[in-house]
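Please view the structure below alongside the notes.

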Amino acid sequence: MSSSLRPVPNRWRRAASIVLAAGWTRPETATPPSRPPPAEGFRLLLLQRSPHQGFMPGAHVFPGGVLDAADRSADWLGLFAPHHGPPGFGLGPAPFSRAAFPSPPDTGDSNADNTGALPEDVAFRICAVREAFEEAGVLLLRPRTSRPGPAPGPGLALEPPPGLAAWRARVRRDPRHFLRLCAHLDCTPDIWALHNWSAWLTPFSRSATRRFDTAFFLCCLREPPPVYPDLAEVVGYQWSSPSETTESFLSKEIWLAPPQFYEVRRLANFASFSDLHKFCLGRALEGLERWLPIILLTADGMVHLLPGDELYLEDSDFLENLMSTEKKTEEIMKEGKQFHRIVIHNRHLYDIHVTVQSKHKHVYPKNSVVSKSHL
């Protein structure tokens, strides 16, 4: 995972998030006989955070949370045995390999257990799977008897076991219980089904009390699993396509933070579920960029600058500062040519401008400019 930034301070908490994309076939009856069958679609799982949460209250987010020492525990080795092959390759009894695929760079974060036996690329995946269970009741597990390594097609979530609520309560109290649940079910976290997708650092803002260094994974499931919000941190959920999610955001039905909006618009590049899954498999060995947005305050709005943008500064001067200008956003846009930015007009109106080439065989969102009638 590449980054031109200096090592980030300990104030960033390391976290993992999982974008669940589930196959969703449109009803055949909705298509006139004279037209070809509809393309296979997909929906994304978004969880609604409780309005009482201290971080992003009420926001719709992908499942995720902070990395725990239990996610790196050596005890996982016994559960994965004899299949210690790394995600993306694991077809034999080789040990987990740190070099098998990229992992988030070391940030020196004090809440990460650096003495753990598992490499970070595996621990982050276990964290993401655990959080999907804690927040949504979704079990991304596979039987220990199954062949290790990536499956040829999209996966399936495990059917919820008896006593789901009791197990989830235990795991929420102590993440070490997640390994015990997996052992009880004779399963392992399906780390092979999680594909590297992106990584975001929370930008500086004067009101931010928590900042996260978050690895985003994408997981393709053949069908949407049942979702059981924990009714504590998560109070609701929805399955919706990228275009439906965008419309819900613009109509103020939901609120998305800029990284989630960017990822939703990035996923809008894929017309079908099969295309998305093939894309993930095709770039399994590629690296990722780790982005720290820099906030530019304008006279009438805000711009999140991303690496590659002509105004983005490739140093750490703005780890703890904001950029500002007396010019209006429209003036700033007219003056520039090389864009990689999210223009924030108000809480429910973002534009995305991208003219730079993507890296690591990834895709960036297409330009997304909302009609000024929404202003």
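Which charged end sits over the ring of Trp255? The charged end of Arg347 does, at 4.3 Å from the ring centre. The model is predicted.

**Charges over rings**

- Besides the placement of Arg347 over Trp255, Arg170 lies over the face of Trp167, with a distance of 4.6 Å to the ring centre.

**Aromatic pairs and cluster**

- A pair of aromatic rings is described by two quantities, the distance of the centres and the angle of the planes.
- For Trp197 and Phe279 the ring centres are 6.1 Å apart and the planes stand at 75 degrees, so this pair is edge-to-face.
- Trp197 belongs to strand E7 (residues 194–201) and Phe279 to helix H7 (residues 273–282); the pair links distant parts of the chain, 82 residues apart.
- Trp197 has a relative accessible area of 1% and is therefore buried.
- Phe279 is also buried, because its relative accessible area is 17% and the cut-off is under 20%.
- Trp200 and Tyr262 make an edge-to-face pair as well, with 5.4 Å from centre to centre and 70 degrees between the planes.
- Since Trp200 is in strand E7 and Tyr262 in helix H6, this pair ties together parts that are 62 residues apart in sequence.
- Both Trp200 and Tyr262 are buried.
- One aromatic cluster is formed by Trp76, Phe80, Phe133, Phe178 and Trp192.

**Helix H5 against helix H6**

- Helix H5 (residues 242–250) and helix H6 (residues 258–267) have axes that come within 8 Å and cross at roughly 145 degrees.
- The crossing of H5 with H6 is left-handed.
- On the H5 side, the contact is made by Pro242, Ser243, Thr245, Thr246 and Phe249; on the H6 side, by Phe261, Val264, Arg265 and Leu267.
- Sorted by class, the residues of this contact are five nonpolar, three polar and one charged.

- The buried residues in H5 are Pro242, Thr245, Thr246, Ser248, Phe249 and Leu250.
- Cover for the buried residues of H5 includes H6 and the strands E2 (41–49), E9 (234–240) and E15 (349–354).
- After H5 comes Lys252, which has a positive phi, near 70 degrees.

Notes. Residues numbered from 1 in each chain as written. Predicted model: local features only at pLDDT ≥ 70, side-chain atom pairs only at ≥ 80, totals over all residues. Heavy atoms only, no water. Axes fitted to C-alpha atoms, helices over the stretch in contact; angles between N-to-C directions. Helix = DSSP H or I, 4+ residues; strand = E, 2+ residues; numbered from the N terminus. Left-handed = near helix turned anticlockwise from the far one by under 90°. Contact = heavy atoms within 4.5 Å. Nonpolar A, V, L, I, M, F, W, Y, C, P; charged D, E, K, R; others polar. Phe/Tyr/Trp six-rings, centres within 6.5 Å; stacked < 30°, edge-to-face > 60°. Buried < 20%, exposed > 50% of the residue type's maximum accessible area, 1.4 Å probe, protein only. Lys NZ or Arg CZ within 6 Å of the ring centre and 35° of its normal.
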